[in-house]
Amino acid sequence: MSTRIAFLKGHGTENDFVIIPDPDNTVELPPAAVAALCDRRAGIGGDGLLHVVRSAAHPEARHLADRAEWFMDYRNGDGSVAEMCGNGVRVFARYLQRAGHVGEGDVAVATRGGVKTVHIAKAESGGEITVGMGKARLPEGDVTVSVADRSWPARNVNMGNPHAVAFVTDLSEAGHLYDPPPFSPASAYPDGVNVEFVVDRGPRHVAMRVHERGSGETRSCGTGACAVAVAAARKDGVDPAVTGAPVTYTVDLPGGRLVITERPDGEIEMTGPAVIVAEGEITSEWLETVLA
Ligand SMILES: N[C@@H](CCC[C@H](N)C(=O)O)C(=O)O
């Protein structure tokens with residue numbers, strides 16, 4: 001018997017996602033199914049997938065159910081699991097709003113990186129979505145990233161997921177980011193890394209490209225933009241914990257603009273657009289064929 005699985009498609013600054021609403025956690029999504037759904041030619045297409053599940057119905061989030069009704073079970077486009085997705089959690093909140101599960105204002109979302117508070121602004125004030133991303137960790141130690149025969153020193157920044165931030169003189173320097181940029185030492189990122197290449201655009205303003213772990217080069221990465229803002233601030237000699245004042249960076253990405261503020265207590269907020277583009281149904285015959 002054929003069943004149909006509802007899906008939506010959304011993006012945040014062109015970091016795009018297949019969204020699978022599944023409140024009771026009944027849809028099986030093995031890595032091969034996620035990769036097939038995210039395939040841009042033979043599937044729906046996306047940098048990643050947002051599996052929308054009630055926290056109480058998911059073994060990884062049950063313990064968070066009293067703090068956040070919904071769990072973002074995030075997957076990369078290759079089917080791998082990641083701790084956090086900054087654009088994804090904003091698109092996730094937009095889906096909850098569209099489905100009538102939440103209204104404008106604050107919503108708590110459980111992620112593998114902890115509970116995040118997402119604020120949906122009123123439509124009349126632009127409707128942008130802000131997420132409290134938590135604090136950055138800056139592990140000590142030199143890191144190097146390479147593309148083809150070029151190498152750059154990079155800053156190790158952890159936003160719940162791992163990042164290597166390399167400042168370059170021109171964004172074209174990194175060439176084609178088809179493959180994951182090799183890094184050293186291997187011990188810096190035992191589970192792989194997202195790599196950002198960054199240029200200055202002016203005071204508190206940078207632009208970046210990113211190669212995402214598990215997805216390839218994408219047009220935006222929210223956790224990456226936060227990692228870049230923190231690395232840029234430290235490079236500019238600014239640490240809100242020392243100055244006692246928040247600092248805001250504008251981060252331009254190929255897919256749009258994100259605004260990142262780091263507060264004196266280390267908490268980081270990211271604001272940007274989040275859009276639902278389409279909705280439809282996946283046929284179970286297709287999924288079965290793909291998984292056979
Ligand atoms: N696009 C995301 C990050 C998604 C996870 C990342 N690829 C990883 O494996 O850590 C974002 O907006 O933060």
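Two residues are taken to be in contact if their C-beta atoms, placed from the backbone, lie within 7 Å. By that criterion Ser215 touches Asp47, Gly48, Asn76, Gly77 and Asp78, leaving out residues up to four places away in sequence. The model is predicted, and local features need pLDDT of at least 70, side-chain atom pairs count only at pLDDT 80 or more, while totals for chains, interfaces and linings use all residues. Residues are numbered from 1 along each chain as its sequence is written.

**Overall build**

- The secondary structure comes to five helices and 18 strands, where helices (H or I, at least four residues) and strands (E, at least two) are DSSP runs numbered from the N terminus.
- The radius of gyration, taken over C-alpha atoms, is 19 Å, close to the 19 Å that the globule rule (2.2 Å times the number of residues to the power 0.38) gives for 292 residues, so the protein is as compact as a globular protein of that length.
- Along the principal axes, the C-alpha atoms fill a box of roughly 60 × 45 × 35 Å.
- Among contacts between residues at least 6 apart in sequence, 62% join residues at least 24 apart.

**Domains**

- The domain assignment gives domain 1 (4-128 + 274-291) and domain 2 (143-271), with bounds that come from an automatic or database assignment.
- The centres of domain 1 and domain 2, taken over C-alpha atoms, are separated by 24 Å, and the contact takes 18 residues from domain 1 and 20 residues from domain 2.
- The side of domain 1 that touches domain 2 divides into three nonpolar, 10 polar and five charged residues, with Ala, Val, Leu, Ile, Met, Phe, Trp, Tyr, Cys and Pro counted as nonpolar, Asp, Glu, Lys and Arg as charged, and the others, Gly among them, as polar.

- Buried residues make up 44% of the 292 residues; a residue is buried if 20 or more other C-beta atoms lie within 10 Å of its own, exposed if 12 or fewer, and partly exposed in between.
- Leaving aside neighbours within four places in sequence, Ala225 is in contact with Met208, Val251, Leu253, Leu258, Ile260 and Met270.

**Local features**

- Ser215 lies in the loop between β13 (205-212) and β14 (216-218), and counts as buried with 22 C-beta neighbours inside 10 Å.
- The peptide bond from Ser184 to Pro185 is cis, with omega near -5 degrees, and Pro185 lies in the loop between β11 (183-184) and β12 (194-202).
- Thr13, in the loop between β1 (4-12) and β2 (15-21), has a positive phi near 45 degrees and is buried, with 27 other C-beta atoms within 10 Å.
- Glu14, found in the loop between β1 and β2, has a positive phi of about 70 degrees and is partly exposed, with 16 other C-beta atoms within 10 Å.
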